[in-house]
Amino acid sequence: MESNEMIEVREIDLGAVFRKVFRHWKMMLIWSVLGALLGFGIAKSIPRTYTVVSKVSPELSYRQSSITSLAAMAGITNNMLNNTEALLPTVYPDIISSPEFMIKLLGTQVNSEKCDTTLYGYLSTCVRQPWWNVVLSLPFKAISALTSPKDDAAAEDSLSFDAFKLTKEQAGIVKSLSRCIDVSVDKRTYLITISVEMQDRVVAAQTSRALLAHLEEFVRKYRTDKTRKDLAFFEEMYEEAKSDYYEAQKKLSWYVDSHQGFVLQSAKIEQQRLQNDVNLKYQLFTSLSQQVQNARLRVQQDTPVFAQIVAPTVPVRKSGPSTVKIMAFFFLLAFVVSALVYLRK
């Protein structure tokens, strides 16, 4: 059985559509204005935020090794062969976002017009939320208050962080701080851009400055850890060699003073033995002294320098929210919805 399916092609008369919409332009304009007013109310309900942008350029470590020397003799000029930097700037975003780094940053003292506390206290008590977030969170807070009683000891010592086992409140604060920080690295120039967004502009600048200080301390400690351990070892050996050298000198001087006028061969041999012992200990003492000086120079050479291209400053203008953009969005949304409603009638 054959059936012919007739496909009906309906043409849309754009002129008729525009005429139908135009007949209700006054109501559509009213709805659009109401939408813009709604957007204005929503924009004013969202707390203002301020963003501090800083840029730093860390110093990289380049050392000449035997492999690179052979490569240079062979005519290979790859700069990456000379780069012994184990902690490249591309790893810095992971370092900053780590819980250990965030926990250390939360202990920073911040001062603003409304709050004078640590960064943890600011994020837990001084941050405003939109009214709809407050309303939606009320049932969950009520349930949490009934099911999990408050621990007074934990509340009194809120900064007693254990990165291995954070409480629910502490994990929430760490996550909130992580959302306020954005770190990007230019893979070609290794220029690090750090953005910190807070509701208080002074706190944003203080947090950005503390973040840079903690990052610089972490990198310096990492870069100089091995050389500092070597320096401590050489200093310990130096003090021991110094004590042994002085002790050998005392033995030699006592023996010479107590055996003056003796012409026995055994006395001369013993004096020569003590003199050789003093010479050996002196050589070790001077050698370790040189090692200590070299280790101190290596510590200074391995200490990186962070060049602040753009230093953190207190912002003057807010970064969000944009009232005009939110009003324009709700104006267009109300216009489109009202147009669709009138077209379906």
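## Overall composition

Of the 345 residues in the chain, 31% count as buried. The structure described here is a predicted model. Its chain contains 12 helices and six strands. Among contacts between residues at least 6 apart in sequence, 78% join residues that are at least 24 apart.

## Helices H5 and H9

Two packed helices are described by the angle between their axes and the distance between the axes. The axes of helix H5 (residues 99-106) and helix H9 (residues 168-180) come within 10 Å and cross at roughly 90 degrees. H5 is therefore roughly perpendicular to H9.

On the H5 side, the residues that meet H9 are Met102, Ile103, Leu105 and Leu106. Their counterparts in H9 are Ile173, Val174, Leu177 and Ser178. By class, this contact between H5 and H9 has seven nonpolar residues, one polar residue and no charged residues.

## The nonpolar cores

The largest nonpolar core has 40 residues, of which Ile96, Leu106, Leu119, Leu177, Ile181, Ile194 and Met198 touch the most other members. Elements that give two or more residues to this core include helix H4 (92-97), H5, helix H6 (119-126) and H9. Strand S1 (50-58), strand S4 (181-185) and strand S5 (192-198) are also among them, as is helix H10 (201-258). With eight residues, H10 gives the most to this core.

Met198 illustrates such contacts. Not counting residues up to four places away in sequence, Met198 touches Arg48, Thr49, Tyr50, Leu119, Tyr122, Leu123, Leu177, Cys180, Val203, Ala204 and Thr207. A second, separate core has 16 residues, including Phe234, Ala248, Leu252 and Val299.

## Helix H12

Helix H12 (residues 323-344) consists of 22 residues. From its first C-alpha to its last, H12 reaches 32 Å, close to the 32 Å expected at 1.5 Å a residue. The buried residues in H12 are Thr323, Ile326, Phe330, Ala334, Ser338, Ala339 and Tyr342.

Most residues other than glycine have a negative phi, and most peptide bonds are trans. Pro321 lies in the loop between strand S6 (306-310) and H12.

Tyr190 has a relative accessible area of 17%, which is under the 20% cut-off, so it counts as buried.

Notes
Residues numbered from 1 in each chain as written. Predicted model: local features only at pLDDT ≥ 70, side-chain atom pairs only at ≥ 80, totals over all residues. Heavy atoms only, no water. Axes fitted to C-alpha atoms, helices over the stretch in contact; angles between N-to-C directions. Helix = DSSP H or I, 4+ residues; strand = E, 2+ residues; numbered from the N terminus. Parallel < 35°, antiparallel > 145°, perpendicular 65-115°, else oblique. Contact = heavy atoms within 4.5 Å. Nonpolar A, V, L, I, M, F, W, Y, C, P; charged D, E, K, R; others polar. Core = buried A, V, L, I, M, F, W, Y, C linked by side-chain atoms within 4.5 Å. Buried < 20%, exposed > 50% of the residue type's maximum accessible area, 1.4 Å probe, protein only. Expected span 1.5 Å × (residues − 1).
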